[in-house]
Amino acid sequence: MPMLDRPAIRNPVVPPSLAGLPARSVPETKPTPLQKLYVLLSAPALVLGAVAITALELGVPIGSPLVKSCVLVAAPLLALANADAIVRIWRSAWAWMPVDRAKGLFRLAWVAVGALLYALLVGAAWLVLTA
């Protein structure tokens, strides 16, 4: 499987045209454990979610084995991918705090949104699996 390796972090040379401007990025020094598997976790969840939603749109009841099996496989994959993404955003927020507090706080707001969406994911999966 092709993998992307991170280049070594070095002190970049800032061109004169960007000198004095605020930082545009902060290097990620510690990748999350599942970062390289993010697409491999998300893609099957996307396909299974599309199958389940299509089945529901066609009139299949929410408690059918088709919908439940799709959710049973997709929900844990999506939960893992989203938990990893929330950790990445959390780390990014704290990496930005010393550089640009506004950008750090903006990322913390996204952590809150990610946590809310994570709770909705767990709740929706629970509703389908108990139907």
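Which side chain of opposite charge is nearest to Asp84, and how many Å away is it? The views below, drawn from a predicted model, begin with this residue.

View A. Asp84 belongs to helix 2, which spans residues 65–96. The residue is buried and yet has no salt bridge. Its nearest side chain of opposite charge is that of Arg88, 5.5 Å away. A salt bridge requires a side-chain nitrogen of Lys or Arg within 4 Å of a carboxyl oxygen of Asp or Glu. Leaving out residues up to four places away in sequence, Asp84 touches Thr32, Pro33, Leu34 and Gln35.

**View B. Pro31 and Arg91.** Pro31 is located in the segment that precedes helix 1 (38–57). With a relative accessible area of 36%, Pro31 is partly exposed. Pro31 and Arg91 are separated by 60 residues in sequence, and their C-alpha atoms lie 9.3 Å apart in space.

**View C. The largest nonpolar core.** This core comprises 8 residues: Ala52, Ala55, Val67, Cys70, Val71, Ala75, Ala125 and Val128. Helix 1, helix 2 and helix 3 are the elements that each supply two or more of its residues. Helix 2 contributes the most, with 4 residues. Apart from neighbours within four places in sequence, Val128 makes contact with Ile62, Val67, Lys68 and Val71.

View D. Phe106, Trp110, Val113, Leu116, Leu117 and Leu120 together form a nonpolar surface patch of about 620 Å². Leu117, one of these residues, is found in helix 3 (residues 101–130). Leu117 counts as partly exposed because its relative accessibility is 49%. In soluble globular proteins, nonpolar side chains tend to be buried together.

Key: Residues are numbered from 1 along each chain as its sequence is written. This is a predicted model: local features need pLDDT of at least 70, side-chain atom pairs count only at pLDDT 80 or more; totals for chains, interfaces and linings use all residues. Side-chain values use heavy atoms; hydrogens and water are left out. Buried means under 20% relative accessible area, exposed over 50%, partly exposed in between (1.4 Å probe, protein chains only). Patches are made of residues with over 30% relative accessible area and no salt bridge: like charges are joined within 9 Å, nonpolar side chains (Val, Leu, Ile, Met, Phe, Trp, Tyr) within 5 Å. Accessible areas come from the Shrake-Rupley method with a 1.4 Å probe; for residues, only the protein chains shown count as cover. Lys and Arg count as positive and Asp and Glu as negative; His and the chain ends are not counted. Contact means heavy atoms within 4.5 Å. A nonpolar core is a set of buried Ala, Val, Leu, Ile, Met, Phe, Trp, Tyr and Cys residues joined through side-chain atoms within 4.5 Å.
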